[in-house]
Amino acid sequence: MHRNKRSGAFLFLFLLLFPWGSVAQSKKTGDELEKDDRGKYIHYEVITGNAIPVDSLIYRAKTFFKLKKMTSIGTDSALFRQRGKFVISKTAFVLSHPSGEMLYHFAFETRGEKYRFWLTDFVFVSYERDRYGNFVPSTAKGIPLEKSPGKLNAGEWSSYINDTGRQSAAFAAEFKEYLSASQQAKPLHKSNSRISIKSW
Amino acid sequence: MKIKSFFTLSALTMSAATYAQETTTSTPLQISGSADVYYKYDFSKKPNIGTSFASDQNSISLGMLDLALKKTTGKASFVGELSFGPRGQYGSIPNGEGEASNADNSFHLQNLYMSYAFTNKLSVTAGYMSTFIGYEVIVPTGNFNYSTSYLFTNGPFQNAGIRANYVFSPKVAVMVGLFNDWNVYKDVNGVTHFGAQLTVVPVDGWTAYLNVLTGRAAGATGTGSIYDLTTTYQITDKVKIGLNAADYSVTNDNGGYSGAALYLQNAFTANFSLGLRGEYFKTKDVPDLKGSNVKSITLTGNFKAGGLTFIPEVRFDNGSTARFVKNNLDPTKNASQFSLAAVYAF
């Protein structure tokens, strides 16, 4: 009887504390970041066979940048450079708080019937809890993702790299979906139509 | 049977969690906190230096266990922060709510407030909050040095009140508010204090706060006003500089203090930083008692391993008067101490 209770309690604690989907444990689904020829981590994709006119593509991309609150850092004819960030969170079951933010540069370029985009120059800015209990950047100068943090923080750093890969892949999928022809134009205003249950 | 019920309960809990994640305007409940312990040895073998919290002589002692909760739903959010242990109870927050019968009944609250963001620029916050005055804070994860400055020890720790924050631009923000007396859960003489903060970000990495808090506390014979400058500048990814300067006066010749503390920090590696704090602190003259001053130098290391930080520290204080004691209890102008603290943040 005692044993059952003990094993039940153990199981409960295990389920509660086991880091479900824990910090950025990315599954091996091709979300890992590659290194480019500068030795920088990069998520790079080329989309070919694109049937959408270039001007529509660019318009949609610009709208996407606005939606994501990205900041422009330069435009060069068909090449658009933006700056953005992901929040990296520590998660254990339903408990979570942000560990820091990953700043990145995003580039988007069109050529004929294809376009390409990439996320790179990842820089991690750790968060600290301020006096009011809010998580805020602990420094104005981040650490490049390629920079080795040493043995003591290697595990944590590795989880940041994994989570950046996962979030980059998710961001890329969202970007491609937004640019694709299959997306529906979203209504600017809510419909005023009402449902009547008086007659049926 | 019990196991089956347990799994049903788990499944329900997980569904609730999933639902919470799908609600776009609600963030998951944030849980964070810290724990700290320390050892301090004063070289006169007497607890001498008037630092807050790390006060026990030649003892492995407790700081506090700190637990913070935060939840945001749409534009509304709340923060509740509880602390248990000497640092987070009688060391920093009031016991009871002012009634004699509750004198030993600590509420354990560091922060308990609600916020509402009316727009992206304007938010209003009400409740019991860590003070906006000063450089150092109660929670050890917020400080580089483990021992605290005289400016911190003599300034307010918490302010209950209501305040409005307006962000003019990423470089300028203003806060104005009405507050209770310093460090009380409830005010017995009304909401008597006015406070304001101007935040300026002159360049990337440099933030400056100009603070004022003024009002007459219950039973006080004068109005106390504190003017405070707190600023930090992350010069490079390794070098950080900070400054805190404050002046506190109570009208009708009731004294006060003034002082300044300079903070220099250098990160030698990702896991090791060294910091130096130099402070000058002076109490003001009151009738029949001349003010005195004290100078203090503190050298602190931070060794980080994951969430754990080891903080070795040496500190030397020199007073204008014999404010410290020697081993034989003779008065002396000098005091020095060593401490080693371990702080874990989660």
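Hi everyone. Helix axes here are lines fitted to C-alpha atoms over the stretch in contact, with angles running from 0 to 180 degrees between N-to-C directions. Helices are DSSP runs of H or I with at least four residues, strands are E runs of at least two, and both are numbered from the N terminus.

Please keep in mind that this is a predicted model, where local features need pLDDT of at least 70, side-chain atom pairs count only at pLDDT 80 or more, and totals for chains, interfaces and linings use all residues. Residues are numbered from 1 along each chain as its sequence is written, and chains are lettered from A in the order in which they are written.

So, the helix pair. The axes of α2(A), residues 54-67, and α3(A) come within 9 Å and cross at roughly 135°. That angle makes the pair oblique, because it is neither under 35 degrees (roughly parallel), over 145 (roughly antiparallel) nor 65 to 115 (roughly perpendicular). On the α2(A) side, the contact (C-beta atoms, placed from the backbone, within 7 Å) uses Leu57(A), Arg60(A), Ala61(A) and Phe64(A), and α3(A) answers with Phe175(A), Tyr178(A) and Leu179(A).

Now the largest nonpolar core, with 20 residues. Such a core joins buried Ala, Val, Leu, Ile, Met, Phe, Trp, Tyr and Cys through C-beta atoms within 7 Å; buried means 20 or more other C-beta atoms within 10 Å of a residue's own. Tyr41(A) and Phe122(A) are among the members touching the most others. β2, β4, β5, β6 and α3 of chain A each supply at least two residues, and β6(A) gives the most, with 5.

What does Tyr41(A) touch, beyond four places away in sequence? Its partners include Leu33(A), Thr120(A), Phe122(A) and Leu145(A). Thanks, all!

How values were computed:
Buried ≥ 20, exposed ≤ 12 C-beta atoms within 10 Å, placed from the backbone. Contact = placed C-beta atoms within 7 Å.
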